[in-house]
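Please open the model in a viewer and keep the selection tool at hand.

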Amino acid sequence: MVKAVVLGAAGGIGQPLSLLLKLNDAITELALYDIVNSPGVAADLSHINTPAKVTGYLPPNDGLKNALTNAHLIVIPAGVPRKPGMSRDDLFKINAGIVRDLATGIANYSPDAYVLVISNPVNSTVPIIAEVLKKHGVFNAKKVFGVTTLDIVRASTFTSSVSRADPREVRVPVVGGHSGVTIIPLLSQISPPHTFNQEEIESLTKRIQFGGDEVVKAKDGAGSATLSMAQAGARFATSILNATVKGESGIVEPSYVCLDADGVGGKQVRIAVNGLSYFSSNIELGKNGIEKIHPLGDLSEYENKLLEAAIPELRTNINKGVSFITDES
Ligand code: NAD
Ligand code: LMR
């Protein structure tokens with residue numbers, strides 16, 4: 001039995017993400033939780049002829065508890081999205097509290113589940129979840145992931161428009177965090193190999209770093225990326241299921257994780273990033289979650305400068321998330 005839970009399932013990301021998870025044969029139960037409309041979304045999806053039994057929950061009558069109990073994997077796209085002119089950090093005021101309360105539910109009702117965080121600002125919401133789980137004594141650094149897959153998806157799409165490669169085949173490691181200058185595409189490590197000139201490197205890097213803004217601007221007040229994010233979130237959730245349920249090995253996906261997990265390589269990355277406790281790097285997944293946090297590899301001079309520029313902002317974002325929980329009485 002494999003239960004997947006979506007928290008924020010009635011939203012712009014939540015609905016198409018739930019649809020894609022309903023199509024995943026590894027899932028036997030799909031629980032949809034939101035503060036509005038989740039029973040309606042669940043009723044709709046439940047008519048699709050795939051194995052997953054779909055249930056919808058609202059907050060009354062222990063809705064969060066019932067949604068989370070026996071969860072294997074939880075995806076969190078709950079929270080408000082940006083409007084033009086806002087930074088992801090501007091969302092902290094509202095989303096930090098939402099994520100904290102959902103994390104408290106996870107600590108109480110499904111402390112062993114894999115937790116995939118989409119809600120922005122990811123650089124801070126992942127530390128918030130980790131601190132809540134630590135407070136309850138149930139934090140496992142191998143099981144909490146900030147979903148940065150959309151940056152990877154964008155990097156494949158944008159680079160292939162220049163290199164003319166098949167975007168489905170292209171892999172670019174994108175490390176760091178998930179906002180503006182903290183997003184660090186490692187174009188020197190693109191696979192299949194391709195050499196871009198410096199002008200291409202700089203414009204592709206900017207486009208990948210600010211891809212989210214393109215969508216926010218085009219939607220003109222109606223929100224941020226939802227459909228591409230749903231695909232990216234489902235891709236990452238599928239990778240987790242393939243590793244933890246099907247036992248597949250060798251699955252590597254970048255993700256923003258806590259570098260404290262014992263014996264999986266986080267310490268080496270931590271040294272390379274001036275002691276940051278959270279960072280996105282290539283993560284090898286195994287049957288218990290993070291199997292190995294890969295080192296950043298060789299960086300070009302330009303990529304080293306991107307890393308230097310990202311570290312102070314990431315440190316501020318991480319500290320803000322951590323102290324949101326540790327400063328609570
Ligand atoms: P949305 O407003 O369309 O949907 C959010 C949903 O969350 C709504 O249905 C809302 O009712 C629900 N919600 C609010 N409070 C809740 C609570 N306490 N419990 C459960 N559900 C709650 O927004 P969206 O476009 O789906 O975006 C959601 C979040 O994802 C935003 O914070 C956005 O910035 C973020 N996002 C992240 C990435 C990424 O790459 N990680 C990409 C796109 C969007
Ligand atoms: C994205 O990268 O599309 C998301 O983080 C949403 C946003 O605010 O840009």
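**First stop: G105**

Select G105, which lies in helix α4; helices (H or I, at least four residues) and strands (E, at least two) are DSSP runs, numbered from the N terminus. The model is predicted: local features need pLDDT of at least 70, side-chain atom pairs count only at pLDDT 80 or more, and totals for chains, interfaces and linings use all residues. Residues are numbered from 1 along each chain as its sequence is written, while chains are lettered from A and ligands numbered from 1 in the order in which they are written.

G105 is partly exposed because 19 other C-beta atoms lie within 10 Å. A residue is buried if 20 or more other C-beta atoms lie within 10 Å of its own, exposed if 12 or fewer, and partly exposed in between, with C-beta atoms placed from the backbone. Contact here requires C-beta atoms, placed from the backbone, within 7 Å. A distance drawn from G105 to T69, C-alpha to C-alpha, gives 9.6 Å, although the two are 36 residues apart in sequence.

**Ligand 1**

Helix α4 (residues 92-109) also gives the most to the shell around ligand 1, with three residues. Of the 33 residues around this ligand, G8, G11, G12, I13 and N120 come nearest; a residue counts as near if its C-beta atom, placed from the backbone, lies within 6 Å of the molecule. By class, the shell has 19 nonpolar, 12 polar and two charged residues. Ala, Val, Leu, Ile, Met, Phe, Trp, Tyr, Cys and Pro count as nonpolar, Asp, Glu, Lys and Arg as charged, and the others, Gly among them, as polar.

**H178**

Select H178, where UniProt, in an unreviewed entry, places the feature "active site". UniProt positions are given in the numbering used here, feature names are shortened, and annotations may be inferred rather than shown by experiment. H178 sits in the loop between β7 (174-176) and β8 (183-185). Is H178 buried or exposed? H178 counts as buried because it has 28 C-beta neighbours inside 10 Å. Leaving aside neighbours within four places in sequence, its contacts are V122, N123, G146, T148, D151, I183 and Y256.

**The nonpolar core**

Now display the largest nonpolar core, which has 101 residues; L73, I74, L116, I129 and V257 have the most contacts inside it. Such a core is a set of buried Ala, Val, Leu, Ile, Met, Phe, Trp, Tyr and Cys residues joined through C-beta atoms within 7 Å. Helix α9 (residues 227-244) supplies the largest share of this core, nine residues. Centre on L73: beyond four places in sequence, its contacts include A4, L116, A237 and L241.

**The whole protein**

Finally, zoom out to view the protein, with its 11 helices and 11 strands. Its C-alpha atoms fill a box of roughly 55 × 45 × 40 Å, taken along the principal axes. Buried residues make up 49% of the 329 residues.

Notes. Two residues are in contact if their C-beta atoms, placed from the backbone, lie within 7 Å.
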